[in-house]
Amino acid sequence: MLPPPATDEARTQGVAARFAGALTRAFPDALALSCEADRIVLDVAEADFRIRVRPATASAAGRMDINAVFRASGAVEGTWWTQWTVEAGHGPSEVSGAAALLVKEIRASRQRYARMLAHGQVVDF
């Protein structure tokens, strides 16, 4: 089972809509948020995130495929791409935390990127 349907203002429909509330609350700095079908698009000042949500089935764990593009200007300029997959679990108790897990993953990637820029270099994530 995924998180409850969102009630926040965002373009929402399909399974991804269940993530809109948590993402809206977690990222008030979002420039854009769209949750349609099985896709989530989250744009913030330094990055764009594209997430595909695949709910758990009887034979497969739930998964979130995350693609991110980070941009920098100033002393360190450039664009960096990264992608990773997160398993959200099999049972209702594990999958119900999928929105919280996604928020944690996005926050962690933003923090890693900020630390790398602060040290004047960005390498592969």
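Modeller: Let us start with a term: pLDDT is the predictor's confidence in each residue, from 0 to 100. This is a predicted model, where local features need pLDDT of at least 70 and side-chain atom pairs count only at pLDDT 80 or more, while totals for chains, interfaces and linings use all residues. Residues are numbered from 1 along each chain as its sequence is written, and side-chain values use heavy atoms, without hydrogens and water.

Colleague: Thanks! What is the mean pLDDT of the chain?

Modeller: The mean is 81, and 77% of the residues reach 70 or more. Over residues 1–10 the pLDDT is below 50.

Colleague: How many helices and strands does the chain have?

Modeller: There are three helices and six strands, in the order β-α-β-β-β-β-β-α-α along the sequence. Both kinds are DSSP runs numbered from the N terminus: helices are H or I with at least four residues, strands E with at least two.

Colleague: Now the rings. Why is the pair of Phe49 and Phe70 called edge-to-face?

Modeller: A pair of aromatic rings is described by the distance of the centres and the angle of the planes. Rings of Phe, Tyr and Trp (its six-membered ring) pair if their centres lie within 6.5 Å; planes under 30 degrees apart are stacked, over 60 edge-to-face, and the rest tilted. The centres of Phe49 and Phe70 are 5.7 Å apart and the planes stand at 90°, so this pair is edge-to-face. Phe49 belongs to strand β4 (residues 47–54) and Phe70 to strand β5 (residues 62–72), 21 residues apart. Together with Trp80 and Tyr113, they form one aromatic cluster.

Colleague: Is Phe49 buried or exposed, and how do you know?

Modeller: Buried means under 20% relative accessible area, exposed over 50%, and partly exposed in between (1.4 Å probe, protein chains only). Phe49 has 0%, so Phe49 is buried. Phe70 also comes out at 0%, so Phe70 is buried.

Colleague: And what makes Ser34 count as buried?

Modeller: Ser34 has 10% relative accessibility, so Ser34 counts as buried. This serine lies in strand β2 (residues 32–36).

Colleague: What makes Arg107 sit over the ring of Phe27?

Modeller: The rule asks for NZ of Lys or CZ of Arg within 6 Å of the ring centre and within 35 degrees of the ring normal. The charged end of Arg107 is 5.7 Å from the centre of the Phe27 ring and sits over that ring.

Definitions and conventions: Contact = heavy atoms within 4.5 Å.
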